[in-house]
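Colleague: I would like to learn how to read a model like this one. Could you take me through some features, one at a time?

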Amino acid sequence: MTEQAASSQTIHRWYVRPVLFVGDVNRALRFYIDKLGFEKRWHAGDGAGKVCQVDRGECEIILCEDGRHTDKARLFIELTADGLADLRRELAERSVPTKETWWGYDTLVVEDPDGNELFFPKPD
């Protein structure tokens with residue numbers, strides 16, 4: 001890229017909502033709401049559809065029941081130290097299984113019922 005082309009580019013905010021494929025959208029909804037404290041933002045088909053969105057803070061995730069896609073995803077979600085401490089307490093109170101791993105950082109891992117992983121790195 002030339003210097004002129006780089007300087008003439010407009011900078012825009014990129015807004016991202018990952019899509020996690022799940023085997024049963026209602027089971028996934030219950031997990032994200034009841035176990036992880038998300039709120040349902042919308043659900044296609046007035047709640048009868050196979051696609052919905054859950055939100056918590058600025059984390060927005062689309063859950064999609066689609067038998068053609070059985071891949072697993074990994075989301076890397078950064079919280080403040082206090083936010084991570086609060087999350088750990090919530091997960092313990094709700095009996096949500098967690099594990100610790102190293103992924104460039106000490107990281108707390110939560111796996112949803114479909115094997116999608118939520119990675120929460122420990123802040124420095």
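Colleague: Let me start with Glu-117. Is Glu-117 buried or exposed?

Modeller: Keep in mind that this is a predicted model. Glu-117 has 16% relative accessibility, so it counts as buried. This residue lies in strand β8, residues 117-121.

Colleague: Which residues does Glu-117 touch, leaving aside those up to four places away in sequence?

Modeller: Glu-117 touches Ala-73, Arg-74 and Leu-75, along with Val-109, Val-110 and Glu-111.

Colleague: Now the sheets. In what order do the four strands of the open sheet come?

Modeller: The general idea is that strands of a sheet pair through backbone hydrogen bonds, either parallel or antiparallel. Here the order is β1-β4-β3-β2, and the pairing is mixed. Strands β1 (19-22) and β2 (39-43) stand at the edges with a single partner strand each, so one side of each has no neighbour in the sheet. From one strand to the next, the twist averages 30°.

Colleague: How many bridges join β3 and β4?

Modeller: Six bridges, with β3 (residues 51-56) and β4 (residues 59-65) paired in the antiparallel sense. Among the residues involved, Val-51 has Cys-64 in β4 as its bridge partner.

Colleague: Which strands does helix α2 lie across?

Modeller: Helix α2, residues 25-35, lies across β1, β2, β3 and β4, and runs at about 155° to β4.

Colleague: What should I look for in the phi angles?

Modeller: Most residues other than glycine have a negative phi. Against that background, Asp-46 is worth a look: its phi is near 55°, a positive value. Asp-46 sits in the loop between β2 and β3, and it is exposed, with a relative accessible area of 82%. Ser-95 also has a positive phi, of about 55°, although it is not a glycine.

Colleague: Where is Ser-95 found, and is it buried or exposed?

Modeller: Ser-95 is in the loop between α3 (81-93) and β6. Its relative accessibility is 59%, so Ser-95 counts as exposed.

Colleague: One last feature, the surface. Which residues make the nonpolar patch?

Modeller: Phe-76, Trp-102, Trp-103 and Tyr-105 make a nonpolar surface patch of about 460 Å². Take Tyr-105 as one of them: it lies in the loop between β6 (99-102) and β7 (106-111).

Technical notes: Residues are numbered from 1 along each chain as its sequence is written. This is a predicted model: local features need pLDDT of at least 70, side-chain atom pairs count only at pLDDT 80 or more; totals for chains, interfaces and linings use all residues. Side-chain values use heavy atoms; hydrogens and water are left out. Patches are made of residues with over 30% relative accessible area and no salt bridge: like charges are joined within 9 Å, nonpolar side chains (Val, Leu, Ile, Met, Phe, Trp, Tyr) within 5 Å. Accessible areas come from the Shrake-Rupley method with a 1.4 Å probe; for residues, only the protein chains shown count as cover. A salt bridge is a side-chain nitrogen of Lys or Arg within 4 Å of a carboxyl oxygen of Asp or Glu. Helices (H or I, at least four residues) and strands (E, at least two) are DSSP runs, numbered from the N terminus. Two strands pair if DSSP finds at least two bridges between them. Axes are lines fitted to C-alpha atoms, for helices over the stretch in contact, and angles run from 0 to 180 degrees between N-to-C directions. Contact means heavy atoms within 4.5 Å. Buried means under 20% relative accessible area, exposed over 50%, partly exposed in between (1.4 Å probe, protein chains only).
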